[in-house]
Structures are given as C-alpha cells and as structure tokens.
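Please open the model in your viewer and keep the selection panel at hand.

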Amino acid sequence: MSEASERSLLESVPDGLLIGGEWRPAASGQSLDVEDPSTGAVIKTVADGGVADGAAAMDAAAAAAPGWARTPPRERSELLRRTFELVQAHRDDIALLMTLEMGKPLAESRAEVAYGGEFLRWHAEEAVRIAGRYGVNPEGTGRMTVSKHPVGPCYLITPWNFPLAMATRKIAPALAAGCTAVVKPAELTPLTTLYVADLLLEAGLPPGVLNVVVTSTAGDVSAPIIADRRLRKLSFTGSTPVGKRLLAQASEGVLRTSMELGGNAPFLVFEDADLDAAVEGAMLAKFRNVGQACTAANRFLVHERVAEEFAGRVTERVDAFRLGRGTEDGVQIGPLINAAAVQKADDLVRDAVDRGAEVLTGGQRVDRPGTFYAATVVTDVPPGSDILAAEIFGPVLSISTFADEDEAVRLANDTEYGLVGYAFTRDADRGHRLIDRLETGMMGLNVGVISNAAAPFGGVKQSGVGREGGLEGIGEYLSTKYTLSPDPYR
C-alpha cells in the first residue's frame with residue numbers, strides 16, 4: 001500500500017465531532033493526535049471533545065429520540081442494511097484504516113470488516129422482528145398485552161482493540177431497537193468509528209440519532225452524560241476496574257447496563273485431544289489481534305501426558321511468525337497498542353521466569369520503531385505467577401499442566417473472570433460436562449474462535465453483565481411493558 005493511498009484515506013476521515021447530524025470542532029478548540037503504533041508517527045489529528053460537547057451530544061440524542069422511536073421498523077432496518085452495503089463497498093479502506101490506527105495485520109483487519117459488518121446486517125433483520133405477546137389472563141377476566149419499546153437514549157463506550165466490530169456491535173442493536181445514542185470511541189483508535197458514522201449519514205441517518213464524541217478526558221465527559229436524567233442505557237466494553245466505576249455511576253439513575261469486561265480465558269487440552277486441532281485452535285485463540293482481545297486464551301492448561309508435545313508444536317508455529325507493520329505482506333504479528341502494553345507483557349513474562357517458568361521462544365521486546373513484543377511461549381508456569389491472574393493482552397502463550405479433569409476444571413475456574421473458555425477433547429461426554437462445569441459465559445469446544453454476530457456475546461462473574469449479538473443483543477435495548485385491558489366479551 002503506497003503512502004499516497006494511506007494519506008488519501010486518512011484525509012477522507014472526518015476530523016470533527018458528530019453532533020446533531022453535523023461535523024463540528026470541539027467547543028474548546030482542542031484536538032488530539034492519533035498515532036500509528038507500528039511507527040509512533042502521528043497519522044491524523046481530530047477534535048478532542050470536552051464536557052460541553054458531551055452535553056450537546058446528549059441534547060441531540062434526547063431531541064431525536066421520540067421521532068426515531070416512532071420510525072417504522074422497516075425504515076430502521078433498511079437504513080442499517082444500506083450501511084452494511086456501504087461498509088462492504090468500502091471494506092478495503094476500512095481494513096487499512098484499522099491497521100493504520102491499531103496496528104493489526106491487514107488480513108485480520110479484513111476479517112474484522114466481515115465480522116463487524118455482520119452486526120449491521122443481523123440487526124437490520126432483527127429490527128422488523130421485535131415482537132410481544134397477547135392473550136387471556138389465567139382468570140379469564142381480561143386480556144394481557146406484552147409489548148417491547150426502545151429504552152431511550154443510550155451512551156455507548158467502545159474499546160480500541162476492535163475499532164469496527166465493537167462500534168457496530170453496539171450501534172446496530174441500539175438503532176434497530178429505536179434508540180438514539182452518543183458514542184464515545186477510544187481515543188487511541190477513533191478513526192474507524194468516525195468513518196463508519198459518516199457512512200451512516202450517507203445511508204440516510206436522521207440528525208441526532210447517532211452522535212460521536214472523541215475525547216482524551218473520558219471520565220470528565222462521561223460522568224455528566226451518565227448522570228443526565230434523560231439517559232436510559234449505558235453500554236461499555238473495557239476493563240473490569242473501569243466497568244465497576246461506571247456501574248456505580250449508572251446505579252444513581254438506575255440505568256440499563258451492558259458491560260463486557262475483562263477476561264482470563266482458560267484453554268484446556270486433554271490427553272485425548274486432537275493435537276493438530278488443538279495447536280491450530282491455540283494459534284487462533286491466542287495470537288489473533290496480537291493477543292489483544294478479551295476472548296484471547298490466557299492460561300493454557302494442558303494434560304501432563306501431552307504437555308511436552310503440545311509445547312513443542314506451538315513453539316514451532318510461533319517461531320515461524322513474521323513480525324512487522326500490519327500493511328506489509330505476510331505479517332502475522334503487528335505492534336501492541338502502546339508502550340504500556342509492551343511493558344505489561346514483559347513484566348508478566350519476567351515474573352513467571354523468576355518463579356521458575358521456562359521461555360521456549362520470544363520473551364523480549366523487539367528493537368525496532370513502534371511498540372513491538374516478540375511472540376512468546378512460556379512453559380512450566382508455576383501457581384502464583386502473575387501471568388495466571390492478569391489479562392495478558394499480548395502475544396504471550398503460557399502453559400501449565402494438570403493431571404485429571406477435576407484439576408483442570410478447578411484451575412480453569414480459579415479466577416474472578418468468566419468470559420470464555422476453550423476445551424479440546426475427543427470425549428463427547430466430557431465436552432458436555434465442561435459446558436456445565438466451566439464458569440464462563442461462552443465456550444469454544446474444539447474450536448479456537450467463537451465470536452459470531454448471531455450469537456450472544458458476554459460473560460459471568462466479573463467479566464460483565466448483559467449480552468451483545470444474537471437474539472439477545474437487541475433485547476438489551478428494549479423495555480417490556482405489560483398492559484391489562486377488560487375482556488371484550490364480558
């Protein structure tokens with residue numbers, strides 16, 4: 001990809017805030033720089049919103065709410081479908097934009113365009129299927145009507161690691177349900193959201209239905225929006241500590257909340273597993289997005305009979321990875337998002353080694369421009385290591401062993417998180433037992449990637465509340481009303 005092509009694409013991205021259907025500068029005149037993590041270079045400067053901008057966006061969302069709620073479901077559906085088509089038409093530009101601002105290899109960015117676009121298509125289809133029920137009450141004295149209604153204005157906070165999919169996973173169900181929204185994308189990767197918001201306008205989105213505020217002062221901007229009595233829904237994807245603070249703020253207004261928080265996914269490999277499939281699954285579950293995913297496998301728990309062979313096979317695969325800028329052909333490992341992420345990965349590896357773990361490959365920073373860390377395999381990780389408790393969010397595969405199923409389950413569940421678990425076994429009965437025994441909201445049984453727009457995404461314990469995607473996803477943006485009327489025959 002030529003530098004001229006990159007510049008042309010970046011120039012096409014709006015650099016303002018979307019409020020009331022118009023792109024405008026920040027009220028303060030402030031701006032923030034977006035950097036390419038593979039080089040550290042500034043690739044675009046955009047408006048840096050403040051409290052006044054957040055208030056204006058909330059005003060716009062509240063003003064547009066009644067009209068959008070009354071908009072026929074078919075019109076909402078067709079708008080989302082037109083946006084889906086525009087995303088497909090611009091898929092190469094969107095993929096490149098994500099690679100430039102986030103660093104992931106282009107192949108993975110293209111896969112995210114397909115995945116993120118599906119939320120638009122899925123919820124376009126669900127918009128016309130919002131249903132209630134009607135019937136005689138048990139006593140036969142009246143008729144019960146149960147109807148679904150938009151919850152109202154929503155505040156949607158998205159993370160930096162999947163700039164398209166995390167935006168469409170929230171925006172699409174909100175709009176499909178008839179809700180208006182204020183979106184706050186991550187300041188590290190706001191460009192994809194700005195680009196897609198412009199596509200929504202091109203598709204015919206009415207003013208104020210979707211508003212986008214980029215800000216470097218998230219806490220200051222978010223607090224008054226969450227406290228606004230007109231806001232009825234808060235959706236957040238990010239770390240558990242931040243999610244807890246937002247839940248506390250949301251409790252004051254008794255807001256509906258969807259929280260997709262941290263993960264510490266176990267990846268279980270049993271003695272009867274198909275090791276070819278387990279190794280392939282491990283590559284996907286650990287190294288997709290350079291390990292920067294809440295669904296990334298964090299703790300590889302391998303039966304002691306096959307641990308040595310599994311470690312050898314994954315190390316061979318990791319040694320073959322090509323590291324570099326995501327725009328380069330054949331690159332599989334791009335940069336981490338920033339220097340702090342590199343430091344975290346290195347600290348976790350150093351702690352494990354100090355406790356007795358062995359590095360089979362990698363285990364160090366990469367001496368080149370940008371924020372790179374070598375793809376790493378660490379084995380014989382002892383209990384108590386920080387790497388077993390922290391969400392790694394980097395290309396580090398850590399291996400511990402177990403002796404039997406009960407120990408595997410105990411180790412897998414020994415965490416405050418419960419987003420996703422992975423298990424590889426040929427024993428169908430064991431697989432069904434694990435569905436019951438693993439304390440997670442999602443599970444990959446003999447597969448290494450589980451995300452799908454048609455499936456309910458979310459966790460248990462401190463990994464969050466609520467679900468995104470699937471039949472359940474649009475329900476998070478709908479309230480239920482029960483009405484009793486007299487029996488017409490009495």
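Begin with the second largest cavity, whose lining comprises 5 nonpolar, 5 polar and 2 charged residues. In this classification Ala, Val, Leu, Ile, Met, Phe, Trp, Tyr, Cys and Pro are nonpolar, Asp, Glu, Lys and Arg are charged, and the others, Gly among them, are polar. Select N264, P266, R299, A412, N413, T415, Y417, G418, L419, V420, E439 and T440 to display this lining. Two elements, α13 (405–413) and β17 (417–418), each supply two or more of these residues.

The model is predicted: local features require pLDDT of at least 70 and side-chain atom pairs pLDDT 80 or more, while totals for chains, interfaces and linings use all residues. Residues are numbered from 1 along each chain as its sequence is written, and side-chain values use heavy atoms, with hydrogens and water left out.

On a 1 Å grid over the protein atoms alone, a cavity is a set of points where a 1.4 Å probe fits but cannot get out; a pocket is an open set with protein on both sides within 12 Å along at least five of seven lines, and lining residues have an atom within 4 Å of a point. Volumes are the space filled by probe spheres set on the points, which are joined across faces, edges and corners.

Why does the span of α10 agree with expectation? Its 13 residues should span 18 Å at 1.5 Å a residue, and the end C-alpha atoms lie 17 Å apart. The expected span is 1.5 Å times one less than the number of residues. At the start of α10, a side-chain oxygen of D274 comes to within 3.1 Å of the backbone nitrogen of D276. Colour L275, A278, V279, G281, A282, M283, A285, K286 and F287, the buried residues of the helix; buried denotes under 20% relative accessible area, computed with a 1.4 Å probe on protein chains only. Following α10, N289 has a positive phi near 60°.

Now turn to the largest pocket, with a volume of about 1,000 Å³. Among its 46 lining residues, W160, F236, T237, G238 and S239 are the closest to its centre. Elements giving two or more residues are α6 (165–177), α8 (218–227), β10 (233–237), α9 (240–252) and α12. Of these, α9 gives the most, with 6 residues.

Select α12 (residues 339–354) next: its 16 residues reach 22 Å from first C-alpha to last, close to the 22 Å expected. Its buried residues are A341, V342, A345, D346, L348, V349, D351 and A352, and their cover includes β14 (358–361), β15 (376–379) and β16 (396–402). Just after the helix, G356 adopts a positive phi of about 120°.

Finish at the second largest pocket, of about 350 Å³. P383, G384, L388, S400 and L411 are the closest to its centre among 18 lining residues, and β13 (297–303) and β16 each give two or more.

Terms used: Helix = DSSP H or I, 4+ residues; strand = E, 2+ residues; numbered from the N terminus. Buried < 20%, exposed > 50% of the residue type's maximum accessible area, 1.4 Å probe, protein only. Contact = heavy atoms within 4.5 Å. Polar contact = N/O pair within 3.5 Å; in protein donor to acceptor, adjacent residues only side chain to side chain.
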